[in-house]
Amino acid sequence: MAKFEITSYQGALVEDTRLYVDKLYLRQVWSGKTPNQTPVIEGDDTRKEYGRTLVNDWAIYDGLAPDAELVANGRGIHVNAVDWYNSFIMVFVNERFKGSTLEVMGATIGGKGEWAIVGGTGEFRMARGVIDRTYFDRTSDGEIMELTIEAFYRAKKSPTPRKMEDQPVEPAQPKFT
């Protein structure tokens, strides 16, 4: 099961909170009853499908068991540009971070690598970081990648209500007659 660690850093200049999540599982399904990606542009067959473009809505779970919780969806595109280029929004659906996003991009080269986190919204505003990914399993209709997220973001803080007496008072303007 995935473990979410949130650590606040006091005195940081911009990003002041660390997000660390280990053992999330992205399920990429390209065939079968419920594929979660589909081609929108076919590639050049003479160049190993160069240019092939797919849209995806990958499911990201907190474990491998059938009852694992859906944590987020990876919604975006991936393009075959010799290696696979990925650009997607990780939209969180679990209760704690529902509606918050991480903006993710990078290449998928081989079985292990990183994607960059280049932004975020909601709870993860202004996020910057990396997602380490490793191919965990491959089946006839898809594959599973194990993800580890490490990012820093600007914690969303509620404005502190101020009392009326704390409000600045504008000096009275003189009247000219």
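**Aromatic rings and their contacts**

The charged end of Arg27 is placed over the ring of Tyr61, at 4.1 Å from the ring centre; a charge counts as over a ring if NZ of Lys or CZ of Arg is within 6 Å of the ring centre and within 35 degrees of the ring normal. Arg47 likewise lies over the face of Tyr50, 4.1 Å from the ring centre. The model is predicted, with local features needing pLDDT of at least 70 and side-chain atom pairs counting only at pLDDT 80 or more, while totals for chains, interfaces and linings use all residues. Residues are numbered from 1 along each chain as its sequence is written, and side-chain values use heavy atoms, with hydrogens and water left out.

Eight aromatic pairs are present in the structure. Rings of Phe, Tyr and Trp (its six-membered ring) pair if their centres lie within 6.5 Å, and planes under 30 degrees apart count as stacked, over 60 as edge-to-face and the rest as tilted. Tyr25 and Phe136 form an edge-to-face pair, because their ring planes are at 70°, with centres 5.4 Å apart. This pair links distant parts of the chain, 111 residues apart: Tyr25 belongs to strand S2 (residues 17–29) and Phe136 to strand S9 (residues 128–139). Strands (E, at least two residues) are DSSP runs numbered from the N terminus. Tyr25 counts as buried at 6% relative accessibility, whereas Phe136, at 42%, counts as partly exposed. Buried means under 20% relative accessible area, exposed over 50%, and partly exposed in between (1.4 Å probe, protein chains only).

Ring pairs also join Phe92, Phe97, Phe124 and Tyr153 into a cluster.

Terms used. Helices (H or I, at least four residues) and strands (E, at least two) are DSSP runs, numbered from the N terminus.
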